[in-house]
Amino acid sequence: MLLVVTYSQAARQTLRNVCNGHDETVVQRFGRAALLEATELGAFLALRLRAKHAGDVQVERTAPFNEFEDAPEAVRDAAAAYEDREHPSTPYAKFAVGTDHPDLDAMRGVEL
């Protein structure tokens with residue numbers, strides 16, 4: 001998919017117009033951003049926005065996140081266990097103490 005992010009009011013208005021006119025190509029809208037299908041039409045629309053608004057439009061190609069391929073098992077287990085915690089107000093740092101779950105600093109420095 002193509003992620004289009006706008007940084008000016010004029011660019012946001014053009015993005016709205018593009019999305020309204022080509023909703024079959026729009027995967028999701030987020031106000032000042034939109035995900036477009038990775039098709040030639042999606043690229044055309046994104047590049048048209050950038051040609052019109054230059055630096056006020058950022059276009060990035062995205063890839064789906066496959067949690068089973070992209071995230072280590074320890075991270076997946078920690079996320080599931082944290083969501084099942086007994087007290088919802090317990091911060092993760094306190095929750096992870098004394099467990100096998102990775103601490104925040106350890107996860108922060110490791111790229112996927």
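In this predicted model, four strands form an open sheet in the order β2-β3-β1-β4, with antiparallel pairing; strands (E, at least two residues) and helices (H or I, at least four) are DSSP runs numbered from the N terminus, and two strands pair if DSSP finds at least two bridges between them. Because β2 (26-29) and β4 (57-61) stand at the edges with a single partner strand each, one side of each has no neighbour in the sheet. From one strand to the next the twist averages 20 degrees. Strand β1 (residues 2-6) is joined to the antiparallel β3 (residues 33-36) by four bridges, and Val-4 has Ala-34 as its bridge partner in β3.

Helix α2 (residues 40-53) lies across β1, β3 and β4 and runs at about 150 degrees to β4, where axes are lines fitted to C-alpha atoms, for helices over the stretch in contact, and angles run from 0 to 180 degrees between N-to-C directions.

Beyond its neighbours within four places in sequence, Leu-49 is in contact (heavy atoms within 4.5 Å) with Val-4, Ala-11, Thr-14, Leu-15, Val-18, Ala-54 and Val-57.

Residues are numbered from 1 along each chain as its sequence is written, and side-chain values use heavy atoms, leaving out hydrogens and water. As the model is predicted, local features need pLDDT of at least 70 and side-chain atom pairs count only at pLDDT 80 or more, while totals for chains, interfaces and linings use all residues.
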